[in-house]
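Morning, everyone. Please bring up the model and keep the sequence beside it.

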Amino acid sequence: MMSSSFNIFRVGISVVIMCIFYKSAVDSLSELSPQKYFSTLQPGKASLAYFCQADSPRTSIFLEELNEAITPLQDYGISVAKVNCVKEETSRYCGKEEDLMKAYLFRGNILLREFPTDVLFDVNAIVAHVLFALLFNEVKYITTLEDLQNIENALKGKANIAFSYVRAIGTPEHRAVMEAAFVYGTTYQFVLTTETALLESIGNEDIENAHLYFFHCKQVLDLTLQCRRTLMEQPLTTLNIHQFIKTMEAPLLTEVTEDPQQVSTVHLQLGLPLVFIVSQQATYEADRRTAEWVAWRLLGKAGVLLLLRDSLEVDIPQHSNVIFRRAEEGVPVEFLVLDDIDSLISHVESNVHIEEIQEDEDEDTKSPNMDVQDDEVAETVYRDRKRPLPLELTVELTEETFNTTVVASDSIVLFYAGWQAVSMAFLQSYIDLAIKLKGTSTMLLTRVNCADWSDLCTKQNVTEFPVVKMYKEGKNPVSYVGMLGTEDLLKFIQLRISCPVNITSVQEAEEYLSGELYKDLISYSSVSVLGLFSPNMTTAKEDFTEAGNYLKGYAITGIYSEEDVLILSDKYAATLPALLLSRHKEGKIESIPLANSHAQDIIQIITNALLETFPEITVENLPIYLRLQKPLLILFSDGSINPQYKKAILMLVKEKHLDSLTPCWLNLKNTPVGRGILQSYFDTMPPLPLLVVVNLHSGGQVFAFPSDQAITEQNLLLWLKKLEAGLENHITILPAQEWKPPLPAYDFLSMMDAAASQHPTRKDPECTKEMDVQENDKKQHEDKSAIIKEPIETLRIKHWNRSNWFKEGEKSFRHDNKEL
Amino acid sequence: MRLAAAARLWGPPGLLLTFALHPALCLRPARTAAPPHRDYCVLGAGPAGLQMAYFLQRAGRDYAVFERAPRPGSFFARYPRHRRLISINKRHTGKANAEFNLRHDWNSLLSHDPQLLFRHYSRAYFPDAGDMVRYLGDFADRLRLRVLYNTTIAHVTLDKDRQAWNGHYFILTDQTGQAHRCSVLLVATGLWVPNQVDFPGSEHVEGYESVSVDPKDFEGQNVLILGRGNSAFETAENILGVTNFIHMLSRSRVRLSWATHYVGDLRAINNGLLDTYQLKSLDGLLESDLTDLAVVKDHEGKFHITLKFFLEESNQSADAITLPQDDNDNFAMRVAYDRVIRCLGWKFDFSIFNKSLRLSSSGEFSKKYPLVKASYESKGSRGLFVLGTASHSVDYRKSAGGFIHGFRYTVRAVHRLLEHRHHHVPWPSTEHPISQLTNSIVRRVNEASGLYQMFSVLADVILLKENATAFEYLEEFPMQMLAQLETITGRKAQHGLFVINMEYGRNFSGPDKDVFFYDRSVGHTEDAWQSNFLHPVIYYYRHLPTEQEVRFRPADWALPRPTAIHHIVEDFLTDWTAPVGHILPLRRFLENCLDTDLRSFYAEAMKVGAAPLIITGLAAVTRQK
């Protein structure tokens, strides 16, 4: 049963490949005249041709080997031909004498490489040399340790490296590496050497055998650190390399809450055992560190998972801390009690025997990782789905109770959908907030599940999830638009005082402006806004009140319109109607005239005033500043900012030189991702502090302030002028659309097409013929009707828009493995 | 039959006559007093007419409903004869979602009043028809719908006028000769004219509309029932226990609704006779074309079945007529019957519409329905819409447009079309940022009732905004009108669109198919396109398809070939909210159509760079909010 489904898969692959390369000869060496041969070359297609005299012997050892290489090369889209140099047609590729004859590799009709026949001594050498020539850019050949270090440094934070040492070019090991590079060359940097000295210098004395190392450079962000290395312990065969790389791709550590018997990871499919480190809530942090350590030690040998005992439904023995599960099906898991990591490692190593890939009939053709959740929010919500939330701290509202509740008490309502991941993640924060506020707030925290009360949500104008609204006396709900986290929501709730506050005396107004009046709220809002009006300015007051209401939860606003308002307006040099902005952090009070400003303008004025002139940019506040649509002038700083620099920039702001920019700074200590950002701008980590202008909204250019200049007001101004005049070169351009789909989707349309055209396909002479030949030559004896019955198997391997050369190559690579 | 022949004979002069009479007819009232004008006239106060009246009333339109009976729903006052409705009244689904619950409520009309749900009118799963009459009466009264009762519209004609919305007015003349002038005519008269087959001896046949419903009247009788629909089986079911035997005769083979998933086919609740037939009792089913038959009454008053052909051969007395069994002594219907009952369904009443309206029948396979476009507008005259059961030609034997639970949504679609055409109110839509795309779809496919009932007829449409940063969501658009979407809705579809439809698997169901075959359901997400049960299908188009593309779409396709298609795998609970099984593949599909990333991220993860994407630019973060 197993073998038959396997064969179907094999044929399916062949159909795909054959249909693409049906023009090339199949399995027997085509013999052509030079003219004929050059007329068959297709642009972009690679072709290997052996030029020989027409009267040369029909067979030779070389021709036999070449014959054998046809099929493997064809799988990579390379055609093979024998060209007979007849007298009438002389070609410069035709040598004069029999022993001077050579093979030539062409791409289209461009000559890539010529090979003396003695270099192509056997089929392995032929495949290895040809792929090596074709993958010249993908596989870097190096000779010194310095070369290796340079590559390593260049790729830190970007890509991982597959470094291999082979004894000589053209060996079976070399072929295996090249075949792997054909598939994975675009994902990993392949590096190859034949220098024994180089191998020895990285600490490996075994120069007799070929070796492959995986350098984990992608997650190395600090250039001073070395990339971790994992040595592949199996002999270098195509299958083993593939398997090894698959385990390198797998997540280092997986957290599970399921029955260990049910868990399935790529390791099992590769015939590797699983090691579960049993953890519980109390020791979770420590266990995770241990597990990570173990995972590094066992990388390539076993899959390591962290099992949360608390959320597990099946029973595991009280004292066991490790569960060991073999790859073989039906073998029960072992519950172990191990004292230290070394005994764990040795237990695993003594039990591992690498065997052939298990054919899992059901899973064999699944596209890689498409079913794996790559949305971190959805992932965590799913992971925690069995962890009960203390929902009782918030009141659940229904269509019947909603209106009465929000009228009876001031309420915060979270509208969410039970099936939506972001909703459920935010519900967790909302519960945390409820815990924080327990017994201290007069605000009622409530929630409505819109999956149940759809009509209610529609009536409340909720068409997205999640949404938070604040209801006071059941009316004019204010929507919350901040970050979906506890802190920001808390600020929103704390600032809910009924705005604008009516201030009744000059003294009270002064207290309000100094921050005395609402001392406890100052930590949530660094700005207090006071509107000053003469008692008769009714419309202006109404507009201001409307704006204050709108900003409820975001800003503290007050209003003063007593007869003696002139005392205040004189003091702060304001013309009525006016706004006073008190910035508590800076201890400054400024005034803004409000004549003829409508509510919308006032909102705009206050919103802008809430922005700082030179803020520290964080992940949380970045969206607000990006909304200004201006290029960012960012000062990257490792730790807090040098007051000199701050002063220089504030000076420039004051002199209005920075009006077209958003000046800000980024503290790498608080926002470590800044390091990654810098690396993408500069390739290597530049010295700090560093000033950069990023034009995100148009063009995406990045300009760097010369690091050899001091950050002074003058230098900066000069540089900005040059920048404006277009005299500065950008250091990089950010790609416009880097927000691509993480993975392909199922291409149902072509699956349906394939199913519909399945019977017609049989009539298609070219494809059918190829398929039959393929079957015969591969000596596969399965019933042909089985192929027809199983279209889905064929279809599953098709990818969305990924029918390009390399992907096809990958598939053929995979099926080859399965056949080994 | 005779009438039709006469009409054909007198065709050309008749036409002349119409022309001659035409000015006279409409000028007369004009001279005396202008006929009262309405923007919208609705014919019939059945479920569809009341449903339309409700929408017109809510929109504040000038309308009137004309009803010949003194109360709404006169069809239900009489039919079904045995009083049991076969539309389900599911009062419990275990869910609070009102929209979702409508998926399993086949009797309620749409309104804002939760009291006007049918479950408040009956506790029965298959409710009594009397409850429907009471419900419709309450619906009209509570919502104060403007219905003119006891007004029989006897004649409808056209009055050309350049000023009119559609270039003509509809002139309705009632039984008193009073004329009513309407800008738009909404015909919701249903199907009420009993279908009759003309064959020798058809005068001996009793009709479903008048046959006794008292089983006592059938004690010990041999009964032949003509027809194979729900009315035929309902009649048989009623007398199954008291007759000697029942034979049922019809042209086509029985179509079981659980095999065809079409609610108009024979419902299991009525199929007791099938059970006894197959369990070797005396009852039986036969297939023959009724038009070839003849019924002959013998001297004892019993009925014999013979062929029309034999009757034409000889012109003899009743007892001497050749019977099939004379040649063929095992002829199935060789016994004499005490009663022959005709249960052949109903057809639309074409007779009141003047020829100038060009309201014709839908063709060979759905003769009983008037011909309409997919927008429910008559092909013959602009401004005339057919609603309710009579509009079923659009999805006959496919979807639920001929039944309350389906046409309550198609009526709403017609109303939305009219609101835009005559009052510049665009098709209602909501606008969202693109980050809500997956949510919007998941929400609708899980709760929307209109999509679910009117699968493959009404579909939701998502219109993308420039650069796909936002989208508009339109609900329940008649999908066959997709090419005309911009003119019908007043919305722009310049930047690509998604269509969300519900579909059964192709070739899954049908009258002769085994719908319980092993392995009939699909579980793997990658096999979702082979799902058999009703499941959501999402079509992606870069450009709005043209009329040509819609008309000449591939056979078996609900819509023209899209740029990409996605099937959400069928679900046993019709709950498509599984994070990995349903939502993840949907997100991947949407991402690949739009060439973007629709994931959400934690800000904490961004701080340390766990989301590698944002390294390439800070811009990424803005996409979060």
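Chain A has 30 helices and 30 strands. Keep in mind that this is a predicted model. Chain A runs to 820 residues, and 51% of them are buried. Its accessible surface is about 38,400 Å². Carbon and sulfur atoms hold 50% of that area.

Now the contacts. Take those in chain A with a separation of 6 or more: 74% join residues 24 or more positions apart.

Next, a helix. Find H8 in chain A, residues 238–249. H8(A) has twelve residues. From first C-alpha to last, H8(A) spans 17 Å, close to the 16 Å expected at 1.5 Å a residue.

How many of the twelve residues of H8(A) are buried? Eleven, so the helix is largely enclosed by the rest of the structure. Buried here means under 20% relative accessible area. The list includes Leu239(A), Ile241(A), Phe244(A), Ile245(A) and Met248(A). Also among the buried residues are Asn240(A), His242(A), Gln243(A) and Lys246(A). Thr238(A) and Thr247(A) are buried as well.

Over to chain B. Where does Asn532(B) lie? In the loop between strand E20, 497–503, and strand E21, 535–541. Is Asn532(B) buried or exposed? Its relative accessibility is 10%, so Asn532(B) counts as buried.

Which residues does Asn532(B) touch, leaving aside neighbours within four places in sequence? Tyr504(B), Gly505(B), Phe508(B), Phe517(B), Arg520(B) and Glu570(B) are in contact with this asparagine.

That's my tour. Questions, please.

Note on methods: Residues numbered from 1 in each chain as written. Chains lettered and ligands numbered in written order. Predicted model: local features only at pLDDT ≥ 70, side-chain atom pairs only at ≥ 80, totals over all residues. Heavy atoms only, no water. Helix = DSSP H or I, 4+ residues; strand = E, 2+ residues; numbered from the N terminus. Buried < 20%, exposed > 50% of the residue type's maximum accessible area, 1.4 Å probe, protein only. Contact = heavy atoms within 4.5 Å. Areas by Shrake-Rupley, 256 points an atom, 1.4 Å probe, with all protein chains shown as cover. Expected span 1.5 Å × (residues − 1).
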